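Please keep the sequence and the structure at hand while reading.

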Amino acid sequence: MAGSQSTPGVSGHHTNKRIRHLKLRFVFLFLSILFALWSGETALRLYFKHFPDYDIEMWRYALELKAGVDDGRSHIHIPNSSSVLMGVPVQINSKGLRDHEYAYEKPAGTYRILVLGDSFAFGWGVAFEKTFPKRLEAMLRSKNNQTRKYAAIEVINAGIGNYNTAQELAWLRQEGIKYEPDEVLLAYYLNDPEKTQKEANDHFWLRGSIIRAFLVSAGNKILAIFDERRRYDFYYRSLYSEQRWRDHQETLLDLEKTTRGRGIRLTVLILPEFHDFQHYQFSDIHKKVAGFFRDHVCPVLDALKEF
């Protein structure tokens, strides 16, 4: 009957009303998600500002002080950048080093040492003047003040966090040799045979998210509980499997040839793994690395003996 039929205008009105409601719900949901993310980002940043965490600080280091490059170095320090990491001020000079400004040209009569290494040489969590390159410099200068053998001694800190030997060699060839060093001190850490990882090319909003950094860190720690291959001890030993060690020796030989070919003295400092000195598990790796360098007539210092 005519009285029971719906009016087209009324039906269209109800449809438009439902669409508006759906749009409002979508907008509300979208804004709620944005607010939750903003709240999470803010809360985590405030928390880790007062309670620094190694992984989160490393994420900040990469975000604030590093830039990716399309060569064997993978990443470098951003010149003239600065931050506070692990509660310590960090200042990068105009050439991308955590050190004073040094001209490439070496002053006459100066003995110049260039320190290659990763975050240990860089001085992670350590005030600038207490990094081992600066302490070495102070010690050598004090000795030189007595002998007057050189007009000056300079120890330049070229340590960059997350570098392996291949990246250190690439940096030496592209940048380090410009400093005309008399000696290169390689600060060798047990993870130096790692393969070079390309710098992540994520969008900044994703790369700059502390929520993402926190979830990745937490996920890796949980996985390490159930997967022994993710434990640090298993991981370090895997780097010295027969094939990996053979490949790494080629890189070490390239470094030795690069320095020798330019008349640069190469000295190697083997740094220990710092997790557990009472039950140290990697003495055999120290012997393997030290033996390789001694076979190639490179002076070797094993810092494990001092701990």
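## Helices α2 and α7

In helix α2, Asp 55, Ile 56 and Trp 59 are in contact with Ile 210, Ala 213, Phe 214, Ser 217 and Lys 221 of helix α7. Contact here means heavy atoms within 4.5 Å, and helices (H or I, at least four residues) and strands (E, at least two) are DSSP runs numbered from the N terminus. The residues of this contact comprise 5 nonpolar, 1 polar and 2 charged. In this grouping Ala, Val, Leu, Ile, Met, Phe, Trp, Tyr, Cys and Pro count as nonpolar, Asp, Glu, Lys and Arg as charged, and the others, Gly among them, as polar.

The model is predicted: local features require pLDDT of at least 70 and side-chain atom pairs count only at pLDDT 80 or more, whereas totals for chains, interfaces and linings use all residues. Residues are numbered from 1 along each chain as its sequence is written, and side-chain values use heavy atoms, with hydrogens and water left out.

## Geometry of the α2 and α7 pair

Two packed helices are described by the angle between their axes and the distance between the axes. The axes of α2 (residues 54-65) and α7 (residues 210-226) come within 10 Å and cross at roughly 135°. Axes are lines fitted to C-alpha atoms, for helices over the stretch in contact, and angles run from 0 to 180 degrees between N-to-C directions. The two helices are therefore oblique to each other; angles under 35 degrees count as roughly parallel, over 145 as roughly antiparallel, 65 to 115 as roughly perpendicular and the rest as oblique. The crossing of α2 past α7 is right-handed, a crossing being left-handed if the near helix is turned anticlockwise from the far one by less than a right angle, and right-handed if clockwise.

## Salt bridges

The structure contains 17 salt bridges, each defined as a side-chain nitrogen of Lys or Arg within 4 Å of a carboxyl oxygen of Asp or Glu.

Strand β8 (residues 265-270) and β9 run parallel and are joined by 3 bridges. Ile 270 stands opposite Asp 302 in β9.

## Helix packing around α9

Helix α5 (residues 165-174) and α9 have axes that come within 10 Å and cross at roughly 25°, which makes α5 roughly parallel to α9. This crossing is left-handed. Its contact residues include Leu 169 and Leu 172 of α5 and Leu 252 and Leu 255 of α9; the residues of the contact divide into 5 nonpolar, 5 polar and 2 charged.

Helix α9 also packs with helix α10 (residues 283-295), at an angle of about 40° and with the axes 12 Å apart. That angle makes α9 oblique to α10, and the crossing is right-handed. Trp 245, Gln 249, Leu 252 and Leu 253 of α9 meet Lys 288, Val 289, Phe 292 and Phe 293 of α10. These contact residues divide into 6 nonpolar, 1 polar and 1 charged.

Technical notes
Pairing = 2+ DSSP bridges.
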